[in-house]
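Have the model open while you read.

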Amino acid sequence: MFRVQIATVLIIAALATVTCDKYLDKKPEFFTPCKQTDPNFKQCFAKDFEVVFSKYKDGVPGLKNFGTIDPLHVKRVVVAEDGNSPVSINLALSNIEVLGFSNTKVLEASFDQTKYITKLKFVVPDIKILSDYEGKGRVLTLPLNGNGKAQMDIKNLTANVICKLKRRDEYGMKFTDIQKVRMDIDVGGFHINLENLFNGQEVLEQTANNLFNDNWKELFEALRPSITATIQTVLEDRYKKLFAYIPATYFIEDLE
């Protein structure tokens, strides 16, 4: 068993500026305006968030440069640790694709109109992360120095999200602009495969990958900050653009 500590995490996400129509002037049929006075408000609100992941997976009509939800694209993630463990890995991931968010299930959703805070809990059954990688370090006594393709598979990623909002009235419509997103995640399973480790020595490569996956919980704890920050950064970008574009009354009918 091993423990890896993160010293620094650098994320450069593929974020774009907003170029779009002023706002979405016609409510899509798949949005159901929810009433806060309705006993089923939270279930209705959760459903509206859930359809965002599936209906807008390829982008939002009229909202240029929104990007896609599935896949999510990230330029680069760097994970560096202090090296005080039997397994010491420094990874630089680039050209990253995160697949699977279109199957997101929103379990809980709430809105506090007094504080203008939305809270969400959602689960993504299967996530696949594909990227190029460069890695250095060691696996026990084995020196690690490789580059090539990396794949990570995550089972049942559960995210708790808090969105701080700000009310904006414009174009005769009500909007709830997202100011900040905070996210915590947990997973039910994690698997990683790094190709071309140890200069193509397949036996050593398989040994290292087996070691990672035999101890996946501890490895994920090492990668949790970078995975969390990556997903949070990209989703925050998407959320900000989406809620600046879609009137809040498409989600909450009796917004005051």
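1. Start with the core. The largest nonpolar core runs to 74 residues, and F101 and F122 have the most contacts inside it. A nonpolar core here is a set of buried Ala, Val, Leu, Ile, Met, Phe, Trp, Tyr and Cys residues joined through side-chain atoms within 4.5 Å. Buried means under 20% relative accessible area, exposed over 50%, and partly exposed in between (1.4 Å probe, protein chains only). Helix α3 (residues 216–245) supplies the largest share of this core, eleven residues. Helices (H or I, at least four residues) and strands (E, at least two) are DSSP runs, numbered from the N terminus.

2. A word on provenance. This is a predicted model, so bear in mind that local features need pLDDT of at least 70, side-chain atom pairs count only at pLDDT 80 or more, and totals for chains, interfaces and linings use all residues. Residues are numbered from 1 along each chain as its sequence is written, and side-chain values use heavy atoms, with hydrogens and water left out.

3. What surrounds F101? Leaving aside neighbours within four places in sequence, F101 is in contact (heavy atoms within 4.5 Å) with F53, I69, D70, L72, F122, V124, I127, I231 and L235.

4. Searching the whole structure turns up four cavities of 30 Å³ or more. For the record, on a 1 Å grid over the protein atoms alone, a cavity is a set of points where a 1.4 Å probe fits but cannot get out, while a pocket is an open set with protein on both sides within 12 Å along at least five of seven lines; lining residues have an atom within 4 Å of a point. Grid points are joined across faces, edges and corners, and a volume is the space filled by probe spheres set on the points.

5. The largest cavity has a volume of about 130 Å³. It is lined by 13 residues, with V77, L93, I129, I227 and T230 the closest to its centre. Two or more lining residues come from each of β4 (72–81), β5 (87–99) and α3, and α3 gives the most, with five. By class, the lining has eleven nonpolar, two polar and no charged residues. The classes are simple: Ala, Val, Leu, Ile, Met, Phe, Trp, Tyr, Cys and Pro count as nonpolar, Asp, Glu, Lys and Arg as charged, and the others, Gly among them, as polar.

6. The second largest cavity comes in at about 90 Å³. Among the residues lining this cavity are F45, F49, F111, C163, F243 and F251. α1, β8 and β9 (173–186) each supply at least two of the lining residues.

7. The largest pocket holds about 150 Å³ of space. K42, Q43, A46, L107, E108, A109, S110, K119, L120, K121, N160 and V161 line this pocket. The elements giving two or more residues are α1 (41–55), β6 (105–112), β7 (117–139) and β8 (142–170), with β6 providing the largest share, four residues. By class, the pocket lining has five nonpolar, three polar and four charged residues.

8. On to the charge pairs. There are 13 salt bridges, taking a salt bridge as a side-chain nitrogen of Lys or Arg within 4 Å of a carboxyl oxygen of Asp or Glu. One of them pairs D153 with K128, the closest N and O atoms being 2.9 Å apart. This pair links distant parts of the chain, with D153 in strand β8 and K128 in strand β7, 25 residues apart. K128 is partly exposed, at 32% relative accessibility.

9. K240 or E236: which is buried and which partly exposed? E236 is buried at 10% relative accessibility, whereas K240 is partly exposed at 33%.

10. D237 and K241 repeat the four-residue spacing in α3, with 3.4 Å between the closest N and O atoms of their salt bridge. D237 is buried at 10%, and K241 is buried at 5%.
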